[in-house]
Amino acid sequence: RGDGAGAAPPPPFLTKTYDLVDDPELAGVVSWAPDGRSFVVWKPPEFARDLLPRHFKHNNFSSFVRQLNTYGFRKIDPDRWEFANDSFRRGRRDLLGHIQRRKAGAAGKA
């Protein structure tokens with residue numbers, strides 16, 4: 001059924017996260033960084049309490065961060081919750097399919 005490479009739809013976690021980051025009404029809580037190459041969770045308590053349960057099956061911010069890590073996102077600023085992935089860019093929803101979930105055990109011991 002080869003209709004081209006990378007034709008698989010991106011995982012729901014990535015599309016839901018993209019939609020949250022891309023929603024201008026949520027910019028006080030979560031938004032793109034100015035360059036559009038990363039995103040910032042400005043208010044983690046509100047993000048966890050109000051947004052996570054609406055879009056995911058939990059309200060645990062650390063679980064959300066752990067999930068980002070399994071998809072290769074990096075925390076890029078030690079002073080705020082800013083995350084980046086080369087294929088997670090403002091205006092480039094088409095790149096989400098390039099983000100691969102890491103295999104279990106690849107992240108080291110807890």
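Contact here means heavy atoms within 4.5 Å of each other. Axes are lines fitted to C-alpha atoms, for helices over the stretch in contact, and angles run from 0 to 180 degrees between N-to-C directions. Helices (H or I, at least four residues) and strands (E, at least two) are DSSP runs, numbered from the N terminus. With that in hand, here is a place to begin: helix α1 lies across β1 and β2, and runs at about 90 degrees to β1.

Before going on, a word about what you are looking at. This is a predicted model, in which local features need pLDDT of at least 70 and side-chain atom pairs count only at pLDDT 80 or more, while totals for chains, interfaces and linings use all residues. Residues are numbered from 1 along each chain as its sequence is written, and side-chain values use heavy atoms, with hydrogens and water left out.

Now for the sheet. Strands of a sheet pair through backbone hydrogen bonds, either parallel or antiparallel. Two strands count as a pair if DSSP finds at least two bridges between them. In this model an open sheet of four strands has the order β1-β2-β4-β3, with antiparallel pairing. β1 (30-32) and β3 (74-75) stand at the edges with a single partner strand each, so one side of each is left without a neighbour in the sheet.

Let's walk through some of the pairs. β2 and β4 run antiparallel and are joined by three bridges; here Val40 stands opposite Glu82 in β4. β3 and β4 also pair in the antiparallel sense, over two bridges, and Arg74 faces Ala84 in β4. A hairpin of five residues takes the chain from β3 to β4.

Back to α1 (residues 12-22), where you'll find Thr17. Is Thr17 buried or exposed? Buried means under 20% relative accessible area, exposed over 50%, and partly exposed in between (1.4 Å probe, protein chains only). Thr17 has a relative accessible area of 2%, so Thr17 is buried. Leaving out residues up to four places away in sequence, Thr17 touches Phe39, Phe56, Phe64 and Phe88.

One of those, Phe64, leads us to helix α3 (residues 61-70), where Phe61, Phe64, Val65 and Leu68 are buried. They cover an arc of only 100 degrees around the axis, which puts them on the same side of α3. (The arc is that of the directions from the helix axis to the C-beta atoms.) The buried residues of α3 pack against α1, β2 (39-41), α2 (44-55) and β4 (81-84). Just after α3 comes Gly72, with a positive phi of about 85 degrees.

Gly72 is also among the residues that Asn85 touches, along with Tyr71, Phe73, Arg74 and Ile99, not counting residues up to four places away in sequence. Asn85 sits in the segment after β4 and is buried, with a relative accessible area of 10%. What does its side chain reach? A polar contact is a pair of N or O atoms within 3.5 Å; within protein, one must be able to donate a hydrogen and the other to accept it, and residues adjacent in sequence count only if both atoms are side-chain atoms. The side chain of Asn85 reaches the backbone nitrogen of Ser87 at 2.9 Å, and a polar atom of that side chain lies 3.0 Å from the backbone oxygen of Tyr71.

Last stop: Lys43, in the loop between β2 and α2. Lys43 is partly exposed, with a relative accessible area of 39%.
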